[in-house]
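Please consult the sequence and the structure shown here while reading.

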Amino acid sequence: MLFSKHPRTAYANAPAHEVICQLRFPAILTINDNAPAEFQEAIREDFPQFARTEEAAPPQITGLGGPNPQLRQQKPVTNYRFISTDNLWKLNLTQNFIALSTLRYTGWEEFASELDKPLAEFIRIYKPAYFERVGLRYVNIISREKLGLAGRPWPELIAPAYLGALGEPDVRPENVLNSAVDFQCKLDSSCAAKIHAGPGRLRSRPNTPQDPEVKFILDMDLSMGGQVACNLSAAGLETLHAHATELFEGAVTDALREAMQPE
């Protein structure tokens with residue numbers, strides 16, 4: 001089954017490599033034009049490091065349907081980054097979104113707690129009309145070597161829906177050059193998921209040697225659309241997290257659960 005009713009479980013060796021929450025809102029131009037000093041002061045204790053980058057915005061086409069359509073270059077978008085002392089937590093703010101990401105995901109409660117104050121301060125200072133998209137993304141990287149499962153075939157660890165050709169009994173894994181599975185699905189009336197799954201070799205950083213181990217990547221990007229009221233954004237994220245739990249538990253087998261060490 002794609003969605004599992006297996007009880008939510010904390011794993012000592014959970015495979016979450018990076019977790020990202022992004023909330024998009026109608027453009028607030030003052031964020032782009034003025035440094036967010038008040039916002040920084042409110043969160044500086046937890047995110048003391050600061051960086052600012054200018055990112056090119058896509059050109060805008062005006063006059064479509066007329067005799068002289070024009071391509072107009074838009075003003076660059078300023079991305080403000082606030083980073084924790086250990087560099088494992090990062091908060092991004094632009095005129096269109098606020099996002100929190102971490103490379104040290106220990107559980108939903110800690111992540112939600114880290115988001116609470118920045119999100120509340122952002123809403124207090126900038127008063128967005130609503131959120132156009134509330135997103136929660138889990139990038140899971142499953143290493144058989146790390147879990148003591150070296151040599152175990154993927155069909156013993158991953159559910160068939162995510163394996164593609166690797167799930168066929170007459171296929172030798174070493175002969176499969178690419179077996180990625182990509183799909184999108186509705187989760188309920190307002191939520192959807194975009195899933196990428198498949199084996200791959202990774203690089204820890206650009207221009208570094210490729211990791212020789214073939215790992216399994218399960219990238220789950222969940223979102224809630226519509227006009228989400230600011231005071232309902234936390235509840236929306238709880239809903240997305242519940243859906244993510246059902247998807248993840250549906251993607252793994254009991255053998256993998258045991259190796260991840262349920263707590």
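A residue is called buried when its relative accessible area is under 20%, exposed when it is over 50%, and partly exposed in between (1.4 Å probe, protein chains only). The model is predicted, so local features need pLDDT of at least 70 and side-chain atom pairs count only at pLDDT 80 or more, while totals for chains, interfaces and linings use all residues. Residues are numbered from 1 along each chain as its sequence is written, and side-chain values use heavy atoms, with hydrogens and water left out.

| Residue | Relative accessible area |
|---|---|
| Asn140 | 3% |
| Cys185 | 18% |
| Cys191 | 2% |

Asn140 lies in strand β8 (residues 133-142); strands (E, at least two residues) and helices (H or I, at least four) are DSSP runs numbered from the N terminus. Beyond its neighbours within four places in sequence, Asn140 has contacts (heavy atoms within 4.5 Å) that include Pro15, His17, Phe216 and Phe248.

The whole structure contains zero disulfides, a disulfide being a pair of cysteine sulfur atoms within 2.5 Å.

Among the buried residues of α3 are Trp108, Phe111, Leu115 and Phe122. Just after α3, Lys127 takes a positive phi of about 50 degrees.
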